[in-house]
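Subject: Structure handover

Hi,

Here's the structure I promised to pass on.

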Amino acid sequence: MTQSPLLSRRSALVSGLSVTGMAVTGLGLSGCGGKTGTRILRAADAHPEGYPTVEAVRAMGKLLEERSDGRLRLKVFPGGQLGNEKDTLEITIFGGLDINRISIAPLSAVVPEAIVPTLPFLFRDRNHMRAALDGAPGRTILKSFERHRLIGLCFYDAGARSFYTKERLIRTPDDLKGMKIRVMNSDMFVSMVEALGGDATPMAYAEVYQGLMQGVVDGAENNWPSYHSSRHFEVAGKYSLTQHAMAPEVLLVSQRRWKTYTPEDQALIRQAAVDSVPIMREIWDARTAKAEAEIRAAGIEVITPDQAAFVEKVQPVWDKYLTNPALRKLAEDIQNVRS
Ligand code: GTR
């Protein structure tokens, strides 16, 4: 995406907010219908229609609408219509969006605690990740957003990320040498790929397919559902299951917008988000199995490398990002969560 459409979209969103206090005009987006009227909460997602995160936010919207007798409604803008994750994060902070579903990875530029759950090989497996994020460490992380003009509603699953490449499978870190690997907009992900010997290239998700096609990058990394729905497997058909990170998704609300809701409505929004988590997990598990089956059926080469050498190489990355006792404790607390 070029800068100008985004900037104009952002100024439309933000100025719409400042002009009307609540409603956004000019984009066909409705807002507040008066004190007793309907409020439409606008939600952004980079994923397309039907993706588990989009479905989960829709499920949240349904709960919200039922529980508020139709007063609070949620309108989802999927497929990156409102910009890539780095941009929608900024828009959310400025108060131009009600709800934003993004990976926690780009948030780490704003919230130091957000780095912790992105650390490589932190979670032992899916159950450990879920238990840690549902428990005290998850609550600490969500709470930390409040110091940065954001409200964290809940986490969603994002599975385990692994490398996919065009030419060569990744059996050991040495195989990454000289390879340009697309990463999310996150310093931690850049450091991780560099520690493993690769050449990290931050790029917006929507640009990766083209980047792979044109050889701007040699590979990327993601979970089964994203590798599948983005069709990246068509252009980078070698999937090495390193499972190096389980950076979760987050559901954010702009604090500026949050303050415009009554405490009762805030409670309804929080509860609807929390109640959408088990729904999301069910959709996620089914979607992961389906994506894996379809990718394997398409003849994609899939290997499971030994993780030991990868784990060893990324140790300096932990030291680099756990820069104070509070962050180190958060990482330890996560490791100590039993599952
Ligand atoms: C996906 C995640 C997206 C986005 C994407 C990426 O797994 O759901 O929010 O962060 O990865 O690689 O940019």
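A term to start with: I call a residue buried when its relative accessible area is under 20%, exposed when it's over 50%, and partly exposed in between (1.4 Å probe, protein chains only). Helices (H or I, at least four residues) and strands (E, at least two) are DSSP runs, numbered from the N terminus. Before the details, two housekeeping notes. This is a predicted model, where local features need pLDDT of at least 70 and side-chain atom pairs count only at pLDDT 80 or more, while totals for chains, interfaces and linings use all residues. Residues are numbered from 1 along each chain as its sequence is written, and side-chain values use heavy atoms, with hydrogens and water left out.

The overall picture

The chain has 14 helices and 11 strands. Of its 339 residues, 57% are buried. Taking contacts (heavy atoms within 4.5 Å) with a separation of 6 or more, 74% are between residues 24 or more positions apart.

The sheet

There's an open sheet of 5 strands, ordered E2-E1-E3-E10-E4, with mixed pairing. E2 (72-77) and E4 (150-156) are the edge strands; each has a single partner strand, so one side of each has no neighbour in the sheet. From one strand to the next, the twist averages 25 degrees. Angles here run from 0 to 180 degrees between N-to-C directions, and axes are lines fitted to C-alpha atoms, for helices over the stretch in contact.

Asp 45 has Arg 101 as its bridge partner in E3. E1 and E2 also run parallel, joined by 6 bridges, and in E2 the bridge partner of Arg 39 is Leu 72.

How covered is E1? Mostly: 7 of its 7 residues are buried. In a regular strand the side chains alternate between the two faces of the sheet. In E1, Arg 39, Leu 41, Ala 43 and Asp 45 point one way, with Ile 40, Arg 42 and Ala 44 pointing the other way, and all are buried.

Helix H3 (residues 85-94) packs on this sheet and touches E1, E3, E4 and E10 (249-254). The direction of H3 makes about 145 degrees with that of E3.

Two partners of H11

Which helices does H11 (residues 263-297) meet? I looked at two pairs, H4 with H11 and H2 with H11.

H2 (residues 52-67) packs on H11 at about 145 degrees, with the axes 8 Å apart. The crossing is right-handed; that's the case when the near helix is turned clockwise from the far one by less than a right angle, and anticlockwise makes it left-handed. On the H2 side, the residues in contact include Ala 56, Ala 59, Met 60 and Leu 63, and on the H11 side they include Ala 272, Ile 279, Ile 283 and Trp 284. By class, this contact has 14 nonpolar, 3 polar and 4 charged residues. For the classes, Ala, Val, Leu, Ile, Met, Phe, Trp, Tyr, Cys and Pro count as nonpolar, Asp, Glu, Lys and Arg as charged, and the others, Gly among them, as polar.

The axes of H4 (residues 126-134) and H11 come within 14 Å and cross at roughly 160 degrees. H4 and H11 are therefore roughly antiparallel (over 145 degrees; under 35 is roughly parallel, 65 to 115 roughly perpendicular, and the rest oblique). H4 passes H11 in a right-handed crossing. Arg 126, Arg 130 and Asp 134 of H4 make the contact with Arg 281, Trp 284 and Asp 285 of H11. Those residues divide into 1 nonpolar, no polar and 5 charged.

A few single residues

Two residues other than glycine have a positive phi. Phe 121 has phi near 60 degrees; it sits in the loop between E3 and H4 and is buried, at 17% relative accessible area. Gln 243 has phi near 45 degrees, lies in strand E9 (residues 238-245) and is partly exposed, at 38%.

Pro 112 is also in the loop between E3 and H4, partly exposed at 36% relative accessible area. Beyond its neighbours within four places in sequence, Pro 112 contacts His 148 and Leu 327. Pro 112 and Thr 323 are 211 residues apart in sequence but 9.4 Å apart in space, C-alpha to C-alpha.

Cheers

Conventions
Pairing = 2+ DSSP bridges.
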